[in-house]
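Please keep the model open while reading.

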Amino acid sequence: MRSKRSQILIVVVAALAFLPVLAVDYVLDGYAKSRETNKLQSALDAITHDSQTIVQDAVLSLRRILHNSPSLCTPTFFTNVNLELQQSIYLRQVAVENAEGIQYCAAYGSGVNYRVLSGSLAIPGHTETLSVVELEGEATPLLKITQQFGGNRAVSAFVEAAPLVAREVTPIVGNMRHLVVSLTNGAPIIIRGDAIDFAALDADYIFVRSFAGDIPIKAEAGASFSALRSSYAELDFGFTAVACLMGVLVLILMLKYARRTDLPSFDIERAIVAGEMKPYYQPVMNLKTGKLIGCEVLVRWVKRNGEVVPPGAFIDYAEMSGLAVPMTLSLMEQVRFDLEELCAEVPDFKVSINLFEGHFRDGTIVDDIQSIFGGSGIRYTQLVFEITERRPLDDRDAVNHVVSAMHKLGVRIAMDDAGTGHSNLAYLHTLGIDIVKIDKIFVDMIRDPHVPVPVIDGLISMAKDMDIEIIAEGVETQEQALYLRAKNVYFAQGYLFSPPLKLSSFLALANALKPSARGSNLNGDMAA
Ligand code: C2E
Ligand code: CA
Ligand code: CA
């Protein structure tokens, strides 16, 4: 059974893996809206641009007629008018009238009957004006472009306003719920669908507007987004399928990863509560006498199936997740229970426990030591706490504070992995370190008892100068033991003597080496 923490983690990862599925709709909405808005805008721009071209052509037609006709309503005038009518597909009629609307003449030999639908607007930069009119018998209004001639007469050209709309050659027009082409003063020319109700516009409504830049005409249109969005259903399906596949892939990869690394980390919390984090004990020996003088507590995760997991597989996670502190507490409680009798019996026996950097940050370690070991068979003077040099101790004030509180109790401090990390021995001295543990990488340099290893020699002499006790770690060979002993380093641990042992094996070893009635073998070797 996995711990609550790991279950939550898996649910979170699964949710994250399928997030893209939920996002498909949102992303497609955005894509469809921008695409449909652009399409509507281009259609509307084409309409206003078309109207502008038609009006400008009509202006030119009028100017050519007047330029080539010395007077109005003469045969020459009609010849010129007919020529323009033939050449322009949108020019429908040309008429001459006075200011009161009395018609003098018009093309095709008869008068023009029309109704004026708007006031007349000046065309910027031109002498012509523009208005909307309705020819008798025609449903779609026309534009009337008028040029004054002499004092009291005017010549007008009648043109189709927006043939793109009128003939619905643009398919997009079919999608528009509203379309209004009008003069810029608001006079409508063409209205399709309902009039636009600006007050009722909502998020579902796409609204676009376009102005013909050079003439006073504009167009406005709107469409229902949800209606247009339905045409994206296939894309929706495709994208959702791809996102689902990706989600499944991420989940499979995650589960594979979880299985491969067996994510021991996820179960640590449960393992601590279930008492699966067990202290193993590595003997610390006296090289001079060959006797046992103490031990180092090293954690092992002993699973219910009997598998023993070394700390390298979970210690970093324990530290990162804040579980290192409760784990150490659980270990200390077990140590008290496991070693109380031995420690009471052999007063100089030393127990060394590894701490984490976090212990120095929260400072509660001092209270924990007191509540666990206070009044127990293990005296404070029998306890050593190790701080590793591999990780930086950032908050030196906090470290000083905790170390001095520990010293007041009578426990001692060892610098673990000395020489591999961030401090130097001088700093350790100011901290009040009592013991230095020379790391295995230096001990490994010893090949021959008679060949000096300057790095080790330097460490040893510095420690001795500062009156700091030395323990050598990772001693695996007789040569290393001999070399160290020759340098007056007497305390050592390593596979040469014993690996870390489970409690029963360690107690058996300790009992075998127990001091005889005549005197203690375990006594007096490790100075307090
Ligand atoms: P460490 O504190 O430097 O412990 C010494 C490590 O070297 C132990 O590994 C020990 O089993 C191993 N060792 C001892 N003698 C020899 C030897 O002769 N040859 C070789 N090759 N190895 C030897 P372990 O138990 O796997 O622990 C690894 C590290 O995990 C420890 O290094 C320590 O930093 C950390 N650790 C273990 N238990 C605890 C714990 O309860 N608390 C804390 N804070 N850290 C722990
Ligand atoms: Ca250690
Ligand atoms: Ca070490």
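Donors are N, O and S atoms within 2.8 Å of the metal, or within 3.2 Å for Na, K and Ca; water is not among the atoms, so sites may look incomplete. By this criterion the calcium ion (ligand 2) is coordinated by Glu296 (OE), Asn354 (OD1), Glu386 (OE) and Asp416 (OD), at 2.1 to 2.3 Å. This is a predicted model, in which local features need pLDDT of at least 70 and side-chain atom pairs count only at pLDDT 80 or more, while totals for chains, interfaces and linings use all residues. Residues are numbered from 1 along each chain as its sequence is written, chains are lettered from A and ligands numbered from 1 in the order in which they are written, and side-chain values use heavy atoms, with hydrogens and water left out.

Along the sequence, the donor residues of the calcium ion (ligand 2) follow the spacing E-x57-N-x31-E-x29-D. Glu296 in strand β13 (residues 292-302) and Asn354 in strand β15 (residues 350-354) are 58 residues apart, a pair that links distant parts of the chain. Helices (H or I, at least four residues) and strands (E, at least two) are DSSP runs, numbered from the N terminus. Asp416 also coordinates the calcium ion (ligand 3), which lies 4.1 Å from the calcium ion (ligand 2).

Accessibility is classed as buried under 20% relative accessible area, exposed over 50% and partly exposed in between (1.4 Å probe, protein chains only). Glu296 counts as buried because its relative accessibility is 3%. Asn354, at 23%, counts as partly exposed.

The sheet comes next. Two strands pair if DSSP finds at least two bridges between them. Four strands form an open sheet in the order β9-β8-β11-β10, with antiparallel pairing. Its edge strands, β9 (188-193) and β10 (205-212), each pair on one side only. β10 and strand β11 (residues 217-224) are joined in the antiparallel sense over 8 bridges, and Tyr205 stands opposite Ser224 in β11. Helix α2 (residues 19-68) packs on this sheet and touches β8 (178-183), β10 and β11, where contact means heavy atoms within 4.5 Å. The direction of α2 makes about 25° with that of β10; axes are lines fitted to C-alpha atoms, for helices over the stretch in contact, and angles run from 0 to 180 degrees between N-to-C directions.
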